[in-house]
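Q: Could you walk me through the aromatic rings in this structure? I am new to it.

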Amino acid sequence: MPSLASNHPYIISLLHGVGLPEDFFFNLSMESDWSLIIKLHALFEAVLASLILKRLGKPELEELIANLDFNNVKSGKVAFARSLGLIDKKEVAFLRGLSELRNRLVHNISNVSFEVETYVSTHTASEKKKFKTEFGQAICCISHDLI
């Protein structure tokens with residue numbers, strides 16, 4: 001079965017640019033929800049670092065950029081990418097939400113059995129609204145690509 005990105009040359013180029021095979025998304029679709037969150041976060045962290053470096057045109061900053069915190073509001077990769085116009089407000093919300101969720105999952109090994117559906121089902125109405133704001137656009141885009 002081809003990867004979800006097989007018809008998207010730009011996505012394949014991004015994956016190759018950070019050292020991942022073009023079937024990364026297909027393989028990811030076979031993973032647990034816990035692994036999905038962890039690996040997506042790692043992917044976005046690598047992609048943001050790569051985009052920031054390309055925008056700055058300073059390859060000598062690679063190590064410095066790679067070691068920036070991902071979600072620090074004032075000096076993280078997400079903040080840099082937003083300031084450089086590489087991502088918009090909705091993408092910032094998604095990346096911040098992903099980072100917060102990833103941090104919850106990695107700091108307690110018992111979360112290895114995490115399931116998104118169960119997680120969301122325990123949310124209050126306001127938490128569900130926040131989840132929809134952070135992840136709704138990404139979920140809709142993924143669902144559209146699968147149709």
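**Aromatic pairs**

A: Phe-94 is buried, at a relative accessible area of 15% (buried means under 20%, exposed over 50%, partly exposed in between, with a 1.4 Å probe and protein chains only). The model is predicted: local features need pLDDT of at least 70, side-chain atom pairs count only at pLDDT 80 or more, and totals for chains, interfaces and linings use all residues. Residues are numbered from 1 along each chain as its sequence is written, and side-chain values use heavy atoms, leaving out hydrogens and water.

Q: And Phe-44, what is its relative accessible area?
A: The value for Phe-44 is 27%, which makes this residue partly exposed.

Q: How many aromatic pairs are there?
A: There are six aromatic pairs, counting rings of Phe, Tyr and Trp (its six-membered ring) with centres within 6.5 Å; planes under 30 degrees apart are stacked, over 60 edge-to-face and the rest tilted.
A: One of them joins Phe-44 and Phe-94 edge-to-face, at 5.4 Å centre to centre and 80° between the planes.

Q: Which parts does the pair of Phe-44 and Phe-94 tie together?
A: Phe-44 belongs to helix α3 (residues 33–56) and Phe-94 to helix α6 (residues 89–106), so the pair ties together parts 50 residues apart in sequence. Helices are DSSP runs (H or I, at least four residues), numbered from the N terminus.

Q: Why is the pair of Phe-131 and Phe-135 called tilted?
A: Because the planes of Phe-131 and Phe-135 lie at 35°, with ring centres 4.7 Å apart. Both residues sit in helix α8 (residues 125–146), four residues apart, about one turn of the helix.

Q: Which residues do ring pairs link into a cluster?
A: The cluster consists of Phe-44, Phe-94, Phe-114, Tyr-119, Phe-131 and Phe-135.

Terms used: Helix = DSSP H or I, 4+ residues; strand = E, 2+ residues; numbered from the N terminus.
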